[in-house]
Amino acid sequence: MQNPQISIIVPVYNTESYIRRCLDSICAQSFTNFEVILIDDGSTDHSGIICDQYAKKYTNFKVYHVENGGPSRARNKGLECARGMYVTFVDGDDWLEQNALEIYISAIELYQADVVKAGYIKEYNKRSVVVKIEHEVIYTDLESFFVGIEDSKYYGFLWNGVYRKNVIGHIRMDETIRWCEDHMFTCEVLLHATKMVLLSDALYHYRKTENTTLSAIKDPWLIFSIANKEYEQRKQFVTSPNSVVQTLIDNAYHSKMYKAINALYTANPYHERKRFKAITKPLLKTGIRDDVYMVKLFYSDSTFYIMDLKIRYYRIRRIIKEMIKDIVKSLFNSQKGYA
């Protein structure tokens with residue numbers, strides 16, 4: 001195929017049980033002007049052989065066998081090889097609805113958008129959960145980009161969207177991390193975008209496995225590092241004072257720090273906890289922001305369970321404070337109305 005309209009990048013690693021369903025769902029698409037870039041990331045099962053079989057059968061399939069380097073490196077390789085005007089991603093153990101590409105292309109061209117994201121279906125062993133919004137929404141500024149993907153729960157996943165390739169440009173995924181790398185890539189692309197559309201269609205089937213991110217959650221150092229990287233990146237979405245974006249960024253940061261604390265106190269020896277505290281304490285107090293309530297939790301001698309109660313206490317206290325503010329504000333406004 002000389003000029004494919006869309007490039008589908010599929011990183012593949014040891015998914016021989018699922019890869020045929022994935023690739024068959026791509027072959028069955030109602031929209032046909034696409035190329036498929038299969039990156040066999042050093043698979044040790046028959047995944048690479050299956051990819052070769054599809055490439056031999058379909059001229060718009062291409063396979064690149066590379067040394068194992070993780071999903072970010074595989075996707076970056078795919079971006080280097082992509083020739084389409086648009087780019088989308090499919091993981092080797094997932095699959096697409098038959099009209100997914102048709103809907104993506106129609107939306108991105110109709111609205112002249114840089115990014116289009118859609119709903120998805122979480123596929124568990126015995127059940128499915130649909131994540132989608134009721135009506136499609138168009139966003140045209142940085143703050144709304146971030147609020148949109150967070151509130152809709154479409155997040156920064158790569159696989160539930162299509163991207164204009166010239167907006168991606170030279171942006172690439174961070175190959176040094178293997179957790180949240182897709183979210184950081186999407187946010188970087190959105191910082192260069194002018195329009196994003198969220199669709200109400202659920203177009204992607206995401207296979208949810210038990211071991212998802214378990215290795216990352218056990219490593220407090222990794223969580224801490226990624227939380228800080230994300231925070232610095234996401235601050236660029238804040239363009240107005242008292243922005244709701246800042247609250248969302250803080251909440252995301254707190255969530256990751258909660259995971260870090262959990263990992264620290266449940267999977268690490270005492271000397272590792274002490275080292276972690278010593279390094280993070282000055283950074284949390286000065287380098288990030290002053291209002292991180294998690295700081296108080298890091299330096300308690302309490303057990304994790306008491307810490308968990310403290311977390312709940314601080315969250316409830318914050319909610320009560322906001323409720324009191326709202327009540328006082330409403331009373332003040334009602335008095336002004338009678339005056």
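This is a predicted model: local features need pLDDT of at least 70, side-chain atom pairs count only at pLDDT 80 or more; totals for chains, interfaces and linings use all residues.

Q: At what angle do the axes of H1 and H2 cross?

A: Roughly 20 degrees, and the axes of H1 (residues 19-27) and H2 (residues 47-57) come within 10 Å. Axes here are lines fitted to C-alpha atoms, for helices over the stretch in contact, with angles from 0 to 180 degrees between N-to-C directions. H1 and H2 are therefore roughly parallel to each other (angles under 35 degrees; over 145 is roughly antiparallel, 65 to 115 roughly perpendicular, the rest oblique).

Q: Which residues meet there, H1 to H2?

A: From H1 you have Ile-19, Arg-20, Leu-23, Asp-24 and Cys-27, and they meet Ile-50, Gln-53 and Tyr-54 of H2. Contact means heavy atoms within 4.5 Å. By class, that's five nonpolar, one polar and two charged residues. Ala, Val, Leu, Ile, Met, Phe, Trp, Tyr, Cys and Pro count as nonpolar, Asp, Glu, Lys and Arg as charged, and the others, Gly among them, as polar.

Q: And how far apart are the axes of H7 and H9?

A: 10 Å, with H7 (residues 181-190) and H9 (residues 220-234) packing at an angle of about 10 degrees. That makes H7 roughly parallel to H9. The residues of this contact divide into two nonpolar, two polar and four charged. His-183, Met-184, Cys-187 and Glu-188 are the H7 side, facing Lys-229, Glu-230, Gln-233 and Arg-234 in H9.

Q: Switching topic: is Asp-91 buried or exposed?

A: Asp-91 is buried, because its relative accessible area is 15%; buried is under 20%, exposed over 50%, partly exposed in between (1.4 Å probe, protein chains only).

Q: Where does Asp-91 sit, and what does Asp-91 touch?

A: Asp-91 is in the loop between strand S4 (86-89) and strand S5 (95-96). Not counting residues up to four places away in sequence, Asp-91 touches Val-10, Pro-11, Cys-22, Arg-75, Trp-159 and Tyr-204.

Q: How many helices and strands does the chain have?

A: 13 helices and ten strands. Those are DSSP runs numbered from the N terminus: helices are H or I, at least four residues, and strands are E, at least two. Buried residues make up 51% of the chain's 339.

Terms used
Residues are numbered from 1 along each chain as its sequence is written. Side-chain values use heavy atoms; hydrogens and water are left out.
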